[in-house]
Amino acid sequence: MKRVLITGAAGFLGSHLCEKFLSEGYYVIGMDNFLTGSEDNISHLFGNKNFEFVHHDVTKYVHVSGELDYILHFASPASPIDYLEMPIQTLKVGSLAPYNLLGLARVKGSRFIIASTSEVYGDPSVHPQPESYWGNVNPIGPRGVYDEAKRFQEAITMGYHTFHGVNTGMVRIFNTYGPRMRLNDGRALPAFMSQALRGEDITVFGDGSQTRSFCYVDDLVDGIFKLTMSDEHQPVNIGNPQEITIKEFAEEIVTLTNSGSKVIYQDLPKDDPKQRRPDITRAKEILNWTPKVDRSEGLKRTLEYFETKVDTPTTV
Ligand code: NAD
Ligand code: UDP
């Protein structure tokens with residue numbers, strides 16, 4: 001049985017990845033320190049004989065006994081609110097952690113995959129964004145702690161590949177949504193859906209004309225699995241190219257939830273990217289991957305989860 005280590009296992013994406021690898025017949029070691037994740041996301045896996053959980057901060061030396069075929073490094077604060085509140089942890093988990101884990105991959109002979117991000121493109125001047133675009137990042141702006149940590153993570157990963165021959169891969173993840181997002185993590189979808197279900201005002205930042213392209217979690221996980229099984233070393237964008245303005249996205253959620261909430265406008269955070277859409281040509285060609293779940297279906301599935309988590313006001 002092949003063995004995989006997944007860091008950030010108790011988070012949104014990490015927990016879905018654990019499930020995917022278990023369902024594909026792998027032995028999964030999930031590692032997390034619950035910085036932004038929760039035991040609730042993985043407690044259903046604790047009885048599985050092919051799953052073990054290790055409570056550990058991956059910025060510290062990482063030890064795993066036995067063979068390891070794959071290491072997926074997904075630990076990191078991921079929402080703007082989280083990484084603004086935890087800038088140093090964010091920098092460390094993007095730098096010290098891949099350093100520790102690449103050393104482990106080198107010793108064990110594992111294929112090593114990092115969770116990179118569309119944020120490496122910053123506020124992009126090329127649209128849609130292909131992997132060949134080098135980005136437009138403000139290193140000392142508020143988002144710099146995340147963006148530059150992820151850019152360093154790519155650099156150290158490529159360094160270990162080039163100089164030590166470690167088998168590495170990088171996925172540049174574009175905005176992904178689905179069940180197990182933390183209600184209060186401040187990202188657009190959890191914010192809008194919780195606000196709509198509670199009947200509160202929907203807080204759109206700026207005039208809402210900025211765009212994002214939202215990918216359903218099952219599609220993303222499918223792409224990551226394919227990348228892990230491939231021998232691709234260059235970065236690959238995984239995301240859904242269906243682009244939408246944030247204002248329209250808020251309105252879509254109000255309609256879906258049948259909410260009486262009204263959209264209000266608040267200040268746009270500094271350096272908030274104006275437009276974002278993945279060019280997924282490489283993912284199609286190299287991995288034979290395209291997203292399957294369109295936004296209306298993905299939002300319905302996500303709403304079912306949020307309805308179980310949000311205390312909705314009782315209607316009289
Ligand atoms: P998340 O906050 O739900 O999960 C991150 C997990 O990492 C949490 O469980 C947290 O406790 C854990 N963690 C953080 N620091 C740690 C440390 N030092 N040691 C051990 N565990 C630690 O976030 P997510 O949305 O699941 O994101 C997962 C990864 O994917 C991140 O690396 C993020 O940058 C990347 N990513 C996500 C998206 C997205 O749309 N969700 C987009 C681009 C990139
Ligand atoms: N956003 C918003 N209201 C919110 C949260 C986010 O208008 O309550 C906007 C945010 O300014 C950005 C977009 O929605 O333009 C996506 O934000 P998110 O934090 O989900 O992801 P990211 O900015 O990292 O792409």
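The structure is a predicted model, in which local features need pLDDT of at least 70 and side-chain atom pairs count only at pLDDT 80 or more, while totals for chains, interfaces and linings use all residues. Residues are numbered from 1 along each chain as its sequence is written, and chains are lettered from A and ligands numbered from 1 in the order in which they are written. The chain is divided into domain 1 (3–176 + 215–238) and domain 2 (180–211 + 242–277 + 293–307); these bounds come from an automatic or database domain assignment.

**Domains and their contact**

- The C-alpha centres of domain 1 and domain 2 lie 25 Å apart.
- Domain 1 gives 23 residues to the contact and domain 2 gives 16 residues, where two residues are in contact if their C-beta atoms, placed from the backbone, lie within 7 Å.
- On the side of domain 1 that touches domain 2, helix H1 (12–23), helix H2 (80–85) and helix H6 (217–229) each supply at least two residues. Helices (H or I, at least four residues) and strands (E, at least two) are DSSP runs, numbered from the N terminus.
- H2 provides the largest share of that side, three residues.
- By class, that side of domain 1 has eight nonpolar, 10 polar and five charged residues. Ala, Val, Leu, Ile, Met, Phe, Trp, Tyr, Cys and Pro count as nonpolar, Asp, Glu, Lys and Arg as charged, and the others, Gly among them, as polar.

**The largest nonpolar core**

- The largest nonpolar core has 71 residues, of which Ile6, Leu17, Val28, Val171 and Phe192 touch the most other members. Such a core is a set of buried Ala, Val, Leu, Ile, Met, Phe, Trp, Tyr and Cys residues joined through C-beta atoms within 7 Å.
- Helix H5 (residues 188–198) contributes the largest share of this core, seven residues.
- Both domain 1 and domain 2 give residues to this core, so it lies between them.

**Strand E1 and Ile6**

- In strand E1 (residues 3–7), five of the five residues are buried. A residue is buried if 20 or more other C-beta atoms lie within 10 Å of its own, exposed if 12 or fewer, and partly exposed in between, with C-beta atoms placed from the backbone.
- Both faces of E1 are covered, with Arg3, Leu5 and Thr7 on one side and Val4 and Ile6 on the other.
- E1 runs parallel to strand E2 (residues 27–32), joined by five bridges; strands pair if DSSP finds at least two bridges between them.
- The β-α-β crossover from E1 through H1 to E2 is right-handed: with the strands pointing away from the viewer, the path from the first strand over the helix to the second runs clockwise.
- E1 also runs parallel to strand E4 (residues 70–73), through four bridges.
- Ile6 stands opposite Gly30 in E2 and opposite Leu72 in E4.
- Not counting residues up to four places away in sequence, Ile6 touches Gly14, Leu17, Cys18, Val28, Gly30, Met31, Leu72 and Phe74.

**Helix H5 and strand E8**

- H5 is largely enclosed by the rest of the structure, because 10 of its 11 residues are buried.
- The cover over these buried residues includes strand E7 (176–177), strand E8 (202–205), strand E9 (211–213), helix H7 (246–257) and helix H9 (295–309).
- Gly199, which follows H5, has a positive phi near 75°.
- Four bridges join E8 to strand E13 (residues 263–266) in parallel, with Val263 as the bridge partner of Ile202.

**Backbone exceptions**

- Most residues other than glycine have a negative phi, and most peptide bonds are trans.
- A cis peptide bond, with omega about -10°, joins His127 and Pro128.
- His127 lies in the loop between strand E5 (111–117) and helix H4 (144–164), and counts as partly exposed because it has 15 C-beta neighbours inside 10 Å.
- His127 is 149 residues from Arg276 in sequence but 7.1 Å from it in space, C-alpha to C-alpha.
- Arg180, in the loop between E7 and H5, has a positive phi near 85°; Arg180 is buried, with 20 other C-beta atoms within 10 Å.
- Asn288, in the loop between helix H8 (281–287) and H9, has a positive phi of about 55°; Asn288 is exposed, with 9 other C-beta atoms within 10 Å.
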